[in-house]
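Here are my notes on the model you sent. Please read them with the structure open.

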Amino acid sequence: MDGVEPVQATSGIPLLQTSDLTKDFRGFRAVDGISLSINAGTIHALVGPNGAGKTTLFNLLSGFLAPTSGSIAYRGKDITGKAPEQIAHLGIARSFQITSLFDQLTGLEHLELALASPTGLGMRFWRSERQMGQFRQRSLELIDEVGLAHLADKVAGSLAYGQKRALELALALALDPSLLLLDEPTAGMGLEDVDRTIDLVRQVAKGRTVVLVDHNMHVVGSLADRVTVLQQGQILAEGSYEQVRMDDRVITAYLGNAHA
Amino acid sequence: MTQQIKGSSGIIEPDLARRVNLDTAEHDVINPDLTRSPGKGRRRSPLRWIMLAVGLVATLALPWLVYPPVAMDIAAWALFAISVDLLLGYTGLLSFGHAAFWGSSSYVTGLIAINWGVPFPLAILGGMLFAMAIAVPIGYLSVRRTGIYFAMVTLAFAQMVYFVANQLSGLTGGENGLQAIPRSFFGIESVETDSFTFYYAAIGLILLGTWAAWRIVHSPFGRVLVAIRDNPARARALGYDVDRYKIIVFVLSAGLAGLAGGVFAISHGFTSLQELEWTTSGKVVLITVLGGIGTLWGGPLGAAIVVTLEDWLTSSGFEGTGIILGSIFVLIVLLFRHGIWGTTQDLFQRRRKAD
Ligand SMILES: Nc1ncnc2c1ncn2[C@@H]1O[C@H](COP(=O)(O)OP(=O)(O)OP(=O)(O)O)[C@@H](O)[C@H]1O
Ligand SMILES: [Mg+2]
């Protein structure tokens, strides 16, 4: 791979590692033999043209899809085939490319639900919902962090698009994950919101590992420690943002469009 | 190179949304207007104490207003409808087989009362537990399906229960049903013989069941249910085992349906295969949707309307009850998309906003 640095020798095992991960949809190969290492404590961007397989890869990593072949290891343990809720409990949280919230619940109720998830409170059908109040303080902090404090009691269905994206991010954060998978956190946002989201992601990435999909090269350039370029389900190149940006194949396959 | 590369917008998003739904098999096929319930039943209305008082007074006054056995029917169907609403309105699951729980409990309640002569609340408790017990495997096997598929699987299981009850005619009386179910109640004769007094002895069980439904809806569990209804994939990503929650609410709902079916059997003094028929499952869904889902008030309102109307039409010797009820149902669903209760609520809220 000329122009791309060889995979760095890193201390210890990577936080997340896929080997030869493949996903077929009725004969169509959306993810094609991806072997990827995500190092702990880094922000790792996945880029690639539409249909490259980024979201499908996220769905595999978060358990929403089962791979056709290949495996996924997290902290050195095989997690292939685990259900989404099990993966969430292991400390892997994801956001969705399509805003994915509970329309009839308020922002605070969303965050309380996320915070209550590991405690098992959700099963208590004989207790009052007021029990959720124990998570109120932390929920208020989280919602303030993403700039939605003034809308904390509005149901998600009535929020504007950018506000929903922000709540989506807060929701993933509420799980206090070790590994955060963000699928296009800035999709459809205005410039100001994009910059605020960049700051926010940088802030929450402290002490965490983040895998980020984004089409916005400004976002990728300012955040990513490492970039993997996907094309047609395969890894096309990998390296730092600067290295990948210079790679001829990447320019023709993907960035070329933007230059035109 | 700071320019946004286009393409993450518009065109592909519906496609992705569809895929997420397909991948997790959570796609809902039921009319979204019916299932996308307002869910306002979980919000604390400022009028809730007044509504509660009116509801209680109406419940206690009912046997004065209508023939007491009809009053009891209304109460039983109201709780039955609430049990369906717990699934349909709060979890987004349309069960088309709830007669299995109502009907099987009516048989078990009847058999316990006939064979052991225990006070009727105990017999009903037995029926309710039986309904919950059969709901465990049925729920386990059906919650993996959603939308119309869930409805069909529950219907299939209910037909199996019907078939079994028909086969075990030695126990269930087959076509004849179970006759002469006694109403023992600690030797208090007026309860055992007089349907007016019986109403007040039995209504406590219905109110207890209604309270249980209210407690479930307003619990942390209830909030998870609404989350599952609104977006099951998201609930899973938050770490909630959606199938497990669905099985539990299914069993709880079956318990309430069983409680209602037991009261119904004791009130009538007999039970028959009709209580296990798919038409019974259909009728309770009709009552629930008519009243309005996702509010807990809709079921009782629907039950009051349908049972009264049915009683009135039958006693006037009219043959086509089904046609009339069917037409009313179609009209109401077309005119009031959130059912009677939901639409009234919408009107009030619009008025309040306008003020
Ligand atoms: N459930 C599915 N069934 C059939 N095809 C699918 C399914 N999911 C994804 N695909 C296909 O797999 C390919 C990869 O899709 P994916 O959503 O992973 O791309 P992406 O890199 O996230 O693209 P985008 O940048 O547009 O979000 C696409 O061609 C898509 O049509
Ligand atoms: Mg995508």
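Which residues does B:Phe120 touch, not counting residues up to four places away in sequence?

1. B:Phe120 touches B:Arg183, B:Ser184, B:Phe185, B:Val191, B:Phe198, B:Ala201, B:Ala202, B:Leu205 and B:Ile266, leaving out residues up to four places away in sequence. Contact here means heavy atoms within 4.5 Å.

2. Ground rules. This is a predicted model, where local features need pLDDT of at least 70 and side-chain atom pairs count only at pLDDT 80 or more, while totals for chains, interfaces and linings use all residues. Residues are numbered from 1 along each chain as its sequence is written, chains are lettered from A and ligands numbered from 1 in the order in which they are written, and side-chain values use heavy atoms, with hydrogens and water left out.

3. Cores. B:Phe120, B:Trp77 and B:Phe101 have the most contacts inside the largest nonpolar core, which has 143 residues. A second, separate core has 24 residues, including A:Leu57 and A:Ile72. A nonpolar core is a set of buried Ala, Val, Leu, Ile, Met, Phe, Trp, Tyr and Cys residues joined through side-chain atoms within 4.5 Å. Buried means under 20% relative accessible area, exposed over 50%, partly exposed in between (1.4 Å probe, protein chains only).

4. B:Thr59. This residue sits in helix α3 (residues 48-65) of chain B. B:Thr59 counts as buried because its relative accessibility is 19%. B:Thr59 touches B:Tyr199, B:Ile203 and B:Leu207, again not counting residues up to four places away in sequence. Helices (H or I, at least four residues) and strands (E, at least two) are DSSP runs, numbered from the N terminus.

5. Magnesium. The protein donors of the magnesium ion (ligand 2) are A:Thr55 (OG1) and A:Gln97 (OE1), 1.9 to 2.2 Å from it. The two are 42 residues apart: A:Thr55 is in helix α1 (residues 54-61) of chain A, and A:Gln97 is in the loop between β6 (92-94) and α3 (107-116) of chain A. Both A:Thr55 and A:Gln97 are buried. Donors are N, O and S atoms within 2.8 Å of the metal (3.2 Å for Na, K and Ca); water is not among the atoms, so the site may look incomplete.

6. Sheet. Four strands of chain A form an open sheet in the order β2-β1-β4-β5, with antiparallel pairing. β2 (28-38) and β5 (77-78) of chain A are at the edges with a single partner strand each, so one side of each lacks a neighbour in the sheet. Strands pair if DSSP finds at least two bridges between them. β1 (residues 16-25) and β4 (residues 69-74) of chain A pair over five bridges.
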